[in-house]
Amino acid sequence: MTADPGETPAGTAGAVTAGAGTADLTLDAKVAAADIPPELLAQSLGQYLRAWLARIRTGNSGVLPVVLAIVIVAVVFEVITPEHAFLRPSNLVYVFQESTVFMVLAIAETAVLLLAEVDLSTGAVALIGGVIAFKLVQQGPGPNWPWWLAILAALAICGGIGALQGALVALLRIPSFVVTLAGFLLFSGILIVILGGADSTVSLNTSVPNQNVIYEMVNGNITPVVGWIILAVVVVAVGSTMVLRTTARRRQGLVVPPLGLTAIKIVLVAIVGAGVVIICSVNRGSALKSVTGVPWVIPIVLVLLGAWTLVLQRTRFGRYMYAIGGNPEAARRAGVSLPAIRIGAYAASSATAALGGILLGSYFYGEYSTNTADPGQLVLYSIAAAVIGGVSLFGGRGKAIHGILGGLLIGGIAYGVSLLNLGSLSTPLEYILPGGVLLAAVLIDVLSRRGAGSVTGV
C-alpha cells in the first residue's frame with residue numbers, strides 16, 4: 001500500500017526522536033531541511049514548538065508575517081485616525097466586508113500560483129461572472145432564473161472559461177502570462193457587451209425575494225442568537241473532525257499531532273469565532289435603526305475556505321497541484337497527468353473568481369456597471385493578496401488561508417487610507433502601501449527558499 005504523502009509511519013518518528021540529548025536536534029534538522037510540517041514528526045507540544053521555531057529560523061514562517069502585518073496595520077491606523085477609531089466594531093465589520101472580494105480572488109489566484117503559473121484574467125472573469133448572475137435573475141425581459149441557478153450558471157460559465165485558458169497553457173504550452181493577458185483584454189471587452197454598453201447598468205431589485213438573496217450575501221446579517229448557534233456547531237464540527245482524524249491515524253500506526261496541539265487549535269477556533277460574533281453583535285447602526293449580527297458573507301467565505309482547504313490538503317488533485325508546482329518533471333515521471341491537473345486548476349480558479357464577482361456586485365448595493373471595479377486593479381490586488389498572505393510565486397507552497405489573510409490585509413490598508421482623508425494622496429497610497437508590503441513578502445519568499453536550499457545542501 002502506498003503511504004499518503006502527508007503521513008509519516010510511527011516507526012520513522014520513533015527513529016527520529018530516539019537518542020537522549022540529540023532527539024530534538026535531529027527533529028529540528030529534519031523539519032527545517034525537508035520542509036516537513038512539525039506536527040508530523042513532533043511527539044510532544046514542546047517538540048512541536050521547537051520544530052516550529054526551527055522552520056521560522058530557516059525562513060519558512062508560514063502565516064506569521066502576514067498576521068503580524070495585520071496587527072501592525074490595525075494598530076497604526078488606530079493611532080493615526082483617533083477620530084475615526086479604526087478598531088471600532090463597525091469599522092472592523094466593514095473592513096471584512098470590503099476585504100471579501102480580495103479574499104475570494106486571492107484564493108482563486110492561489111490555485112494557479114501553486115502550479116508556478118499566473119492568471120492575469122482573474123479580475124475580468126470575476127466581473128463577467130457577477131454580471132451573468134445579475135442578468136439571469138432580472139425580471140421582465142430578463143430570464144428571471146432562481147438565484148441559486150443563476151449563481152451556478154455563472155460559476156459554470158466562468159469555470160469553462162478557465163478550462164479553455166488552462167487547455168491553451170497545458171496542451172499548446174503557451175506561457176500562462178500571454179494566455180491570461182489576452183484573456184484579460186478579451187473578457188474586459190466582452191464584459192461591456194454583456195452589460196449592453198459602456199454606460200449600461202444592471203441592478204438588483206431588493207423588493208424581489210429572488211434578487212434580494214444575492215443582495216443580502218454581503219449586506220445581510222445573521223441575528224446574534226443564530227450566530228452563536230452557528231459558532232457552536234462549527235467548533236463542535238471542527239473539534240470532532242480533528243479528534244476523529246487523529247484517532248484514525250493512531251489506529252493505522254501513523255504519527256499524530258500532539259494532543260496538546262489539537263486542543264490548542266480547537267480553543268483558538270472557539271476564541272476567534274467568539275470574538276467575531278461579539279464584534280458583529282455590537283450595534284453598528286444608528287439610534288433609529290439597529291444593525292447587529294454576523295454578515296452572511298462571513299460564513300460564505302468560511303465555507304469557501306473549508307472547501308479549498310479540503311481540496312488542497314485532503315484530495316489527490318490537491319496533492320498533485322503541489323507536486324507540479326514543486327517539480328513538474330518529477331510529477332510527470334511519477335505518473336501525474338500535468339495537462340489534466342492544470343486545466344482543472346484553471347477551471348476551479350475561474351469558478352472561484354466568479355463567486356468573487358457576485359460578492360462584489362452585492363457589496364456595491366446590488367448594482368453592476370463598467371465603473372463598479374477596474375478588472376486590472378482586481379487582478380493586481382488578488383495576486384498581491386495571495387503572495388502577501390504566504391503563497392509562493394515559484395509554485396508548490398501556499399494554502400487557502402493565506403489568501404484570506406492577504407485579502408484582509410489589503411482591505412484593511414485600503415479602508416485605513418480612506419479614513420485619513422488625504423484627498424488626492426489617498427489613491428496613490430492605496431497602491432504604494434500594498435506594493436511595499438508585496439515587495440517585502442516576495443523578498444521573504446526568496447530568502448526563505450535560499451535558506452531552505454542552504455540547509456538542505458548541508
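Gly344 comes out as partly exposed, at 24% relative accessibility, where partly exposed sits between buried (under 20% relative accessible area) and exposed (over 50%), judged with a 1.4 Å probe on protein chains only. This glycine belongs to helix 15, residues 338-363; helices here are DSSP runs of H or I with at least four residues, strands are runs of E with at least two, and both are numbered from the N terminus. Along the sequence Gly344 is 177 residues from Ala167, yet the two C-alpha atoms are 9.2 Å apart in space. The model is a predicted one, so local features need pLDDT of at least 70 and side-chain atom pairs count only at pLDDT 80 or more, while totals for chains, interfaces and linings use all residues. Residues are numbered from 1 along each chain as its sequence is written, and side-chain values use heavy atoms, with hydrogens and water left out.

Zooming out, the protein chain has 18 helices and 4 strands. Of its 458 residues, 45% count as buried.

Tyr320 lies in helix 13, residues 316-326, and is partly exposed at 28% relative accessibility. Setting aside neighbours within four places in sequence, Tyr320 is in contact with Val336 and Ile341. Ile341 is 21 residues from Tyr320 in sequence, with 7.2 Å between their C-alpha atoms. Val446 has its place in helix 18, residues 426-456, and is also partly exposed, with a relative accessible area of 23%. Between the C-alpha atoms of Val446 and Ser392 there are 8.7 Å, although 54 residues separate them along the chain.

Buried positions in helix 10 are Gly227, Leu231, Val235, Gly239, Thr246 and Arg249. These buried residues pack against strand 2 (221-222) and helix 11 (259-281). Just after helix 10 comes Gly253, with a positive phi of about 75 degrees.

Most residues other than glycine have a negative phi. Ala116 has a positive phi of about 65 degrees despite not being a glycine. This alanine lies in the loop between helix 5 and helix 6 (122-136) and is partly exposed, with a relative accessible area of 38%. Asn144 is another non-glycine residue with a positive phi, near 60 degrees. The loop between helix 6 and helix 7 (147-170) holds Asn144, which is partly exposed at a relative accessible area of 39%.

Then there is the second largest pocket, with about 380 Å³ of space. Of the 13 residues that line this pocket, Gln97, Asn219, Arg284, Val291 and Tyr365 are the closest to its centre. On a 1 Å grid over the protein atoms alone, a pocket is an open set of points with protein on both sides within 12 Å along at least five of seven lines, whereas a cavity is a set where a 1.4 Å probe fits but cannot get out; lining residues have an atom within 4 Å of a point. Points are joined across faces, edges and corners, and the volume is the space filled by probe spheres set on them. Helix 5 (89-113) and helix 9 (209-219) each supply at least two lining residues, and helix 5 gives the most, with 5. By type, the lining divides into 6 nonpolar, 5 polar and 2 charged residues; nonpolar covers Ala, Val, Leu, Ile, Met, Phe, Trp, Tyr, Cys and Pro, charged covers Asp, Glu, Lys and Arg, and the others, Gly among them, are polar.

Key: Contact = heavy atoms within 4.5 Å.
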